[in-house]
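Please read them with the structure open.

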Amino acid sequence: MDWKASFSILGFPGVLSYIGKGVAFTLILSVLAVVISIFLGSVLALCRNYCHGRSRIFRWISTVYIEVFRNTPLLLWIFICLVACPCPKFFARKMWGLTSVEMKILFRAVVALVLFESSIIAEIIRGGLNAIPKGQFEAAHTQGFSTVQTMLYIILPQAYRAVVPTLLSQIISTIKDSSYLANLACIELMSRVRKILATSNMFNGVGRQMVSDVFVLFGLAFVIYFVINFTLSCAVRRIQKRRPKKQEAAA
Amino acid sequence: MDELFSPEAWQKLWTYRATFLTGFGNTLRTAAAALLLALVLGFLFGLMAASGKPLLRALARVYVECIQNTPVVLQMCFLYYVLAFSSVKTDIIATGIVSLGVYTGAYMAEVVRAGIGSIPKGQFEAAQSQGFGYFSTMWRIILPQSIKIILPPMVNQMVNLIKNTSCLYIVGGADLISLTYSFVTGASTGGAYAPAYILCGVLFFCICYPLSHLATRWETVLKRRESQQHLKEAA
């Protein structure tokens with residue numbers, strides 16, 4: 001235990017910027033994954049809810065997709081994607097200060113996160129769709145909207161508005177889930193902190209690893225995750241609080 | 001992905017089936033023990049959050065916010081390395097049980113709090129006027145009513161807990177995911193990527209799907225019953 005030496009790790013040249021870049025990549029990964037997942041999840045949710053009759057094959061496909069990915073751990077998909085996912089040439093080159101190997105890992109990590117999160121987001125959006133009264137469809141049809149138009153202009157906007165808080169808290173989950181990459185890809189926050197900890201004897205000036213190193217480094221990671229996620233969850237709560245008033249006013 | 005259709009790869013899987021069964025057993029045991037811990041913590045902190053005493057409520061709030069806003073991987077690593085670096089003899093499974101239990105406990109606490117919060121206030125006042133103490137009010141009147149609201153989200157948290165056992169991999173545990181990974185990358189066993197991952201996924205699916213299906217069904221039934229009640233009351 002030597003707190004001064006442990007804190008000197010953070011002052012070591014390059015350490016803080018290395019961790020800072022990790023934070024940036026954690027955020028980039030998560031936001032990218034959630035944005036793509038919202039698109040994919042919407043398609044899946046619409047298919048699972050409204051593909052009847054001749055197009056019911058799409059309902060089966062999306063149901064199987066959602067249930068398979070929702071009921072298996074993310075780490076499994078990370079393993080599979082890092083080995084088996086093809087990476088287009090466009091991403092397999094030097095970009096944003098990453099080597100081409102790291103870019104490949106970044107791409108595959110996003111794919112794995114999208115596969116997993118899209119199934120969860122699909123279920124969230126389906127919850128929003130189920131809350132829409134049937135009369136909305138009938139009203140839209142009598143006004144001459146086609147099925148696609150009804151979905152785009154009438155049903156989806158209402159469904160999204162209903163699930164905004166849940167989607168925001170899914171971003172929190174995604175940020176937390178991205179830490180599963182810790183052992184495999186040295187680009188996001190958790191893996192970078194672990195990497196520094198593994199060689200902390202080189203940074204703390206004592207020459208050996210100490211318990212206080214763990215506290216300082218993981219404490220820093222804890223604070224960073226906490227600040228990001230707590231801000232988001234406060235935003236979620238504010239939106240949820242404002243919600244009922246608005247509906248009353250509308251009624 | 002060629003090994004998907006190669007009989008040798010599947011043969012290898014069959015030869016080493018004990019590895020997967022051990023991993024599966026470890027995953028289930030870890031999840032079960034962590035669930036027990038999570039339930040204890042969940043009810044404890046959930047009741048604290050619903051108690052109305054400022055200090056207890058603040059304590060429960062701090063626990064829930066700190067745990068829910070940081071990744072379980074970080075918490076597990078933290079616990080493991082602190083123990084390892086202070087040269088305490090560590091059992092990885094025990095570390096996993098504690099950190100997963102604490103993590104899931106925070107979610108359980110929120111579920112319990114929301115369940116108690118959904119009971120009308122008049123029930124508390126009525127119980128008090130009849131001379132019930134705090135604990136007997138909770139035990140005999142509030143919890144029996146809120147249990148049906150509490151259970152479906154709790155089952156969902158159970159599914160998450162089972163999936164989260166995979167983060168034992170980070171500290172080198174012996175759960176299903178870790179053993180699958182060391183199987184496919186091992187010197188003598190390596191190679192059979194596709195069959196091994198498929199088996200691992202199927203085993204997880206077999207446990208998680210019935211549970212999450214049950215939770216979804218349950219919620220729909222509850223919602224339907226509720227809206228019927230509203231209709232009756234309106235009529």
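**Notes on the interface, core and helices**

1. Across the interface of chain A and chain B, the rule finds one salt bridge, defined as a side-chain nitrogen of Lys or Arg within 4 Å of a carboxyl oxygen of Asp or Glu. Its partners are B:Glu65 and A:Arg237, whose side chains meet at 2.8 Å, N to O.

2. This is a predicted model, in which local features need pLDDT of at least 70 and side-chain atom pairs count only at pLDDT 80 or more, while totals for chains, interfaces and linings use all residues. Residues are numbered from 1 along each chain as its sequence is written, chains are lettered from A and ligands numbered from 1 in the order in which they are written, and side-chain values use heavy atoms, without hydrogens and water.

3. The area buried between chain A and chain B is about 3,400 Å², with carbon and sulfur atoms giving 73% of it; buried area is the accessible area (1.4 Å probe) that two parts lose on being put together, summed over both. Chain A puts 37 residues into the contact and chain B 38 residues, contact meaning heavy atoms within 4.5 Å.

4. Which helix of chain A gives the most to the side that touches chain B? Helices here are DSSP runs (H or I, at least four residues), numbered from the N terminus. Helix 3 (56-70), helix 4 (74-84), helix 7 (147-177), helix 8 (189-198) and helix 9 (211-250) of chain A each supply at least two residues, and helix 9 gives the most, with 12 residues.

5. Among the buried ones are A:Met190, A:Arg192 and A:Arg194. At the start of this helix, a side-chain oxygen of A:Glu188 comes to within 3.3 Å of the backbone nitrogen of A:Met190.

6. A:Met190 is also one of the residues that touch the most other members of the largest nonpolar core, which has 139 residues. Such a core is a set of buried Ala, Val, Leu, Ile, Met, Phe, Trp, Tyr and Cys residues joined through side-chain atoms within 4.5 Å. A:Leu129 is another of these residues; beyond four places in sequence, A:Leu129 touches residues including A:Ala45, A:Tyr50 and A:Ile155.

7. A:Val111 lies in helix 5 of chain A. Is A:Val111 buried or partly exposed? A:Val111 counts as partly exposed because its relative accessibility is 23%. Leaving aside neighbours within four places in sequence, A:Val111 is in contact with A:Cys81 and A:Cys85.

Methods:
Buried means under 20% relative accessible area, exposed over 50%, partly exposed in between (1.4 Å probe, protein chains only). A polar contact is a pair of N or O atoms within 3.5 Å; within protein, one must be able to donate a hydrogen and the other to accept it, and residues adjacent in sequence count only if both atoms are side-chain atoms.
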